[in-house]
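Take a look at the chain below before reading on. Turn it slowly and follow the backbone from one end to the other.

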Amino acid sequence: MIQDINILRDLPLAEQLARVSRLWKMVADRELAPLNLTYPRWTALWKLYRMGDHISQKHLAEGLEIELASLMRTLKLLEEQSLITRHCCEHDKRARIVSLTDEGKVLITQLEARIIQVRRTLLAELNDDELKKFSLILEQIAHNALDSLSE
């Protein structure tokens, strides 16, 4: 635990995390540009795939940690690209279900290969122990932030 408040003032950790996040997104965007996918589009597709496909727009927005209104334009564009379909839920006509099309599933395979390559490139100089420790540290920071927000 950090006891000296001056150490906290001198550590731009939040800025470092934000910078790494921005750089990671930039590298991923460059790698995925040939697939005609922007950051919002590929993250929505990826999250839909990871969440199990055939989920509500609201659930997808929650998974992406964005407002539903922010997701709507992205879903419209993905639908225009024939990568997803949206239809009313059988049990709740107010809810819209998002599903990957066959084209979307093919693109996911290409997207996954490129994302794995980005990860491999950016984490190249880190060993498994360092990655595990880093992951645990990030989880703890996130946990602390969530605790703070729930107070």
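The paragraphs below go from the whole chain down to single residues.

Start with where the picture comes from. This is a predicted model. Keep that in mind for every value that follows.

Now count the pieces. The chain has 7 helices and 3 strands. Their order, read from the N terminus, is α-α-α-β-α-α-β-β-α-α. Is the chain a compact globule, or is it more spread out? Its radius of gyration is 19 Å, while the globule rule gives 15 Å for 151 residues. The value is well over the rule, so the chain is more spread out than a compact globule.

Of the 151 residues in the chain, 26% are buried. The chain exposes about 11,100 Å². Carbon and sulfur atoms supply 55% of that area. Contacts tell another part of the story. Take those with a separation of 6 or more: 49% of them join residues 24 or more positions apart.

Charges are next. The chain carries 21 positive and 23 negative charges. Some charged side chains pair up. How many salt bridges does the structure hold? There are 4. Three of them are worth a visit.

Begin with R114 and E31. These two form a salt bridge, and their closest N and O atoms are 3.6 Å apart. The pair links distant parts of the chain, with R114 in helix α6 (residues 102–122) and E31 in helix α2 (residues 13–32). The partners are 83 residues apart. Are they buried or exposed? R114 has a relative accessible area of 26%, so it counts as partly exposed. E31 is also at 26% and is partly exposed.

Now move to helix α5, residues 68–80. Here K76 meets E80 in a salt bridge, at 2.7 Å from N to O. Both residues lie in this helix, 4 residues apart, which is about one turn of it. K76 is partly exposed at 44% relative accessibility. E80 has a relative accessible area of 52%, and the cut-off for exposed is over 50%, so E80 counts as exposed.

D92 is partly exposed, with 26% relative accessibility. R94 is exposed, with a relative accessible area of 74%.

Stay with helix α5 and find T74. Is T74 buried or exposed? Its relative accessibility is 11%, so T74 counts as buried. The cut-off for buried is under 20%. What does T74 touch? Leaving aside neighbours within four places in sequence, T74 is in contact with P40, R41 and A44.

Helix α3 covers residues 39–50, and K47 lies in it. K47 is partly exposed at 29% relative accessibility. Which residues does K47 contact, apart from neighbours within four places in sequence? They are L60, G63 and L64. For a sense of scale, compare the position of K47 with that of I141. The two are 94 residues apart along the chain, and their C-alpha atoms are separated by 22 Å.

Finish with the backbone. Most residues other than glycine have a negative phi. Two residues here go the other way. E65 is not a glycine, yet its phi is positive, near 60°. Where is it? E65 sits in the loop between α4 (57–64) and α5. At 73% relative accessibility, E65 is exposed. S82 is not a glycine either, and its phi is also positive, about 60°. S82 lies in the loop between α5 and β2 (84–88). At 33% relative accessibility, S82 counts as partly exposed.

Go back to the structure now and find each of these places. Trace the link between R114 in helix α6 and E31 in helix α2. Then look for T74 in helix α5, and for its contacts P40, R41 and A44.

Note on methods. Residues are numbered from 1 along each chain as its sequence is written. This is a predicted model: local features need pLDDT of at least 70, side-chain atom pairs count only at pLDDT 80 or more; totals for chains, interfaces and linings use all residues. Side-chain values use heavy atoms; hydrogens and water are left out. Helices (H or I, at least four residues) and strands (E, at least two) are DSSP runs, numbered from the N terminus. The radius of gyration is taken over C-alpha atoms; the globule rule is 2.2 Å times the number of residues to the power 0.38. Buried means under 20% relative accessible area, exposed over 50%, partly exposed in between (1.4 Å probe, protein chains only). Contact means heavy atoms within 4.5 Å. Accessible areas come from the Shrake-Rupley method with a 1.4 Å probe; for residues, only the protein chains shown count as cover. Lys and Arg count as positive and Asp and Glu as negative; His and the chain ends are not counted. The place of a charge is taken as NZ of Lys, CZ of Arg, CG of Asp or CD of Glu.
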